[in-house]
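The sequence and the model come first, and the description follows.

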2 protein chains.
Amino acid sequence: MSARADAKDKLRVWLRLLRTTRAVEGALRESLRTNFDTTLPRFDVMAALVRAEAGLTMTALSRQLLVSNGNVTGIVERLVVDRLVSRADEARDKRATRVRLTSKGRAEFATMAAAHEMWVAQLLDRLDAADVRALTSVLAKAAPEHLPDHLNEPEAP
Amino acid sequence: MSARADAKDKLRVWLRLLRTTRAVEGALRESLRTNFDTTLPRFDVMAALVRAEAGLTMTALSRQLLVSNGNVTGIVERLVVDRLVSRADEARDKRATRVRLTSKGRAEFATMAAAHEMWVAQLLDRLDAADVRALTSVLAKAAPEHLPDHLNEPEAP
DNA sequence: TGCGGATGCTTTAATCTTGAAATACAGGCA
DNA sequence: TGCCTGTATTTCAAGATTAAAGCATCCGCA
């Protein structure tokens with residue numbers, strides 16, 4: 001196959017990927033809003049934090065979510081106001097802040113996460129196990145780690 | 001496989017899908033900014049318009065891009081200021097507006113689209129033809145048309 | 001004809017998002 | 001020690017995004 005045809009096929013599949021992702025994201029956003037009165041970015045931040053018992057720095061958060069540093073500041077700020085996360089000075093590095101889920105945040109996230117998992121399963125209802133495996137393996141090859149430099153996330157310390 | 005394990009696998013693959021899409025989108029956004037001093041939403045609107053010789057209404061645009069109607073108003077407004085698209089009253093329906101690429105818009109888009117296609121091909125470099133086919137067929141099953149109602153786009157008149 | 005619900009669009013407030021600039025601190029090295 | 005560069009974070013301006021409200025128009029139907 002010519003490089004030109006290959007590029008066209010990749011463009012087509014990229015557009016399809018983008019469209020599917022947007023549709024699923026939109027459905028999840030709507031569900032989060034109507035059921036829990038919250039937003040996708042807030043959910044994403046809490047999801048990143050729930051696995052980090054000891055909390056994460058702002059930079060670790062922004063790298064994990066692939067969003068800008070300034071963006072995280074605002075989302076965390078609003079979560080702090082709602083007492084869902086807390087901030088504490090990092091002992092070893094006076095520049096850094098350690099962000100953690102509060103117990104309230106942990107409790108609320110648990111409820112939302114269960115619903116979220118169910119919604120995703122419903123949205124991807126038509127995919128069978130083989131589809132999921134195929135998708136997983138293709139995405140592994142195209143994964144962010146293989147993309148240009150500035151998108152790469154340095155390994156944890 | 002249990003429904004529960006199935007749900008977990010779907011959640012995992014969804015997170016991977018989201019992350020990959022974000023990484024590619026981020027790279028494309030950066031390339032558009034540094035090379036053409038424009039943004040992804042502007043590019044998306046122009047891409048939707050380039051295939052519609054006769055133009056599109058605001059609603060058709062917002063449905064095609066899966067974004068809200070109010071959002072399109074703002075993006076088109078800025079494109080009009082830059083003389084890349086034009087607005088005209090729709091003859092048959094006084095509520096509607098028909099948006100078109102100007103010749104300047106068409107020319108600028110042609111240049112950007114060529115680069116964009118190349119960038120996408122590079123970003124998806126590691127996928128071979130079989131991967132692209134597999135991805136296409138899986139996404140076809142999970143496509144937006146199969147997602148909840150409010151995400152569906154009614155067929156053209 | 002005229003009513004009533006539906007549709008197309010814009011506006012608004014709130015949130016999200018980015019990229020760049022500014023501030024503060026860290027760490028290596030002369 | 002003192003500087004220089006790099007890192008962590010916040011702030012800012014501009015743009016993007018949504019949901020909801022409001023206005024104008026359309027269309028089916030009594």
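## The surface near DNA strand D

In this predicted model, 25 residues surround DNA strand D, and the closest are A:T57, A:T59, A:G70, B:P41 and B:G70; a residue is near a strand if its C-beta atom, placed from the backbone, lies within 6 Å of it. The elements that give two or more residues to this surface are α1 (3-36), α3 (58-65) and α4 (69-81) of chain A, together with α2 (40-50) and α4 (69-81) of chain B, where helices are DSSP runs of H or I with at least four residues, numbered from the N terminus.

The largest share of the surface, 5 residues, comes from α4(B). By residue type, the surface near DNA strand D divides into 5 nonpolar, 11 polar and 9 charged residues, with Ala, Val, Leu, Ile, Met, Phe, Trp, Tyr, Cys and Pro counted as nonpolar, Asp, Glu, Lys and Arg as charged, and the others, Gly among them, as polar.

Residues are numbered from 1 along each chain as its sequence is written, while chains are lettered from A and ligands numbered from 1 in the order in which they are written. Because the model is predicted, local features need pLDDT of at least 70 and side-chain atom pairs count only at pLDDT 80 or more, whereas totals for chains, interfaces and linings use all residues.

## Two helices of chain B

Helix α3 (residues 58-65) of chain B packs against α4(B) at an angle of about 110°, with the axes 9 Å apart; axes are lines fitted to C-alpha atoms, for helices over the stretch in contact, and angles run from 0 to 180 degrees between N-to-C directions. The two helices, α3(B) and α4(B), are therefore roughly perpendicular to each other, a term that covers angles of 65 to 115 degrees.

On the side of α3(B) the contact is made by B:M58, B:T59, B:L61 and B:S62, and on the side of α4(B) by B:N69, B:N71, B:V72 and B:T73, two residues being in contact if their C-beta atoms, placed from the backbone, lie within 7 Å. These residues divide into 3 nonpolar, 5 polar and no charged.

## How chains A and B meet

The contact takes 44 residues from chain A and 44 residues from chain B. On the side of chain A that touches chain B, the elements giving two or more residues are α1, α5 (103-123) and α6 (129-141) of chain A, and α1(A) gives the most, with 18 residues. That side divides into 29 nonpolar, 5 polar and 10 charged residues.

Definitions and conventions: Angles under 35 degrees count as roughly parallel, over 145 as roughly antiparallel, 65 to 115 as roughly perpendicular and the rest as oblique.
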